[in-house]
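Here is a short tour of aromatic contacts and open space in one protein model. Keep the structure open beside you as you read.

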Amino acid sequence: MTLMNCILLASALMAIGVYGLTTRKQAVAMLLSVELMANSANILFASFAHFRGGPTGQVFVLFALAITVAEVAIGLALVMLLYRRHGDTALDLASEARQ
């Protein structure tokens, strides 16, 4: 796999993530879209580290994955709270709860 293939794969994942983030109303689908975008950045870091020969990109990917896991745990806890309170995971309900 060449560097250009890795860049194209990461770009496709980023585009799918942005599309999902802008078109979905459900909180779980939006979290999945954010995860796709984070994974596309991780693919870029790892591929540049592989082709440049340095370990710094791979170390950065490990830290980014740890942060992403924490973000998912907090996000799913908020989704569960939203579902318990309103019976649905649509984010429009969360904005109504603020009022």
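In this predicted model, Phe-60 is partly exposed, with a relative accessible area of 45%. Phe-45 is partly exposed too, at 35%. Both values fall between the 20% limit for buried and the 50% limit for exposed.

| Residue | Relative accessible area | Class |
|---|---|---|
| Phe-45 | Phe-45: 35% | partly exposed |
| Phe-60 | Phe-60: 45% | partly exposed |

These residues also meet each other. A pair of aromatic rings is described by the distance of the centres and the angle of the planes. One aromatic pair turns up when the whole structure is searched. In it, the ring centres of Phe-45 and Phe-60 are 4.6 Å apart and the planes make an angle of 75 degrees, so the pair is edge-to-face; the cut-off for that label is over 60 degrees. Phe-45 sits in helix 2 (residues 27-52) and Phe-60 in helix 3 (residues 56-86), so the contact ties together parts that are 15 residues apart in sequence.

Now for the open space. The largest pocket has a volume of about 250 Å³. It is lined by 14 residues, and the closest to its centre are Leu-78, Val-79, Leu-82, Leu-91 and Ala-94. Which helix gives the largest share of this lining? That is helix 3, with seven residues. Helix 2, helix 3 and helix 4 (91-97) each contribute at least two residues to the lining. Sorted by class, the lining of the largest pocket holds 11 nonpolar, two polar and one charged residues.

Methods. Residues are numbered from 1 along each chain as its sequence is written. This is a predicted model: local features need pLDDT of at least 70, side-chain atom pairs count only at pLDDT 80 or more; totals for chains, interfaces and linings use all residues. Side-chain values use heavy atoms; hydrogens and water are left out. Rings of Phe, Tyr and Trp (its six-membered ring) pair if their centres lie within 6.5 Å; planes under 30 degrees apart count as stacked, over 60 as edge-to-face and the rest as tilted. Helices (H or I, at least four residues) and strands (E, at least two) are DSSP runs, numbered from the N terminus. Buried means under 20% relative accessible area, exposed over 50%, partly exposed in between (1.4 Å probe, protein chains only). On a 1 Å grid over the protein atoms alone, a cavity is a set of points where a 1.4 Å probe fits but cannot get out, and a pocket is an open set with protein on both sides within 12 Å along at least five of seven lines; lining residues have an atom within 4 Å of a point. Grid points are joined across faces, edges and corners, and a volume is the space filled by probe spheres set on the points. Ala, Val, Leu, Ile, Met, Phe, Trp, Tyr, Cys and Pro count as nonpolar, Asp, Glu, Lys and Arg as charged, and the others, Gly among them, as polar.
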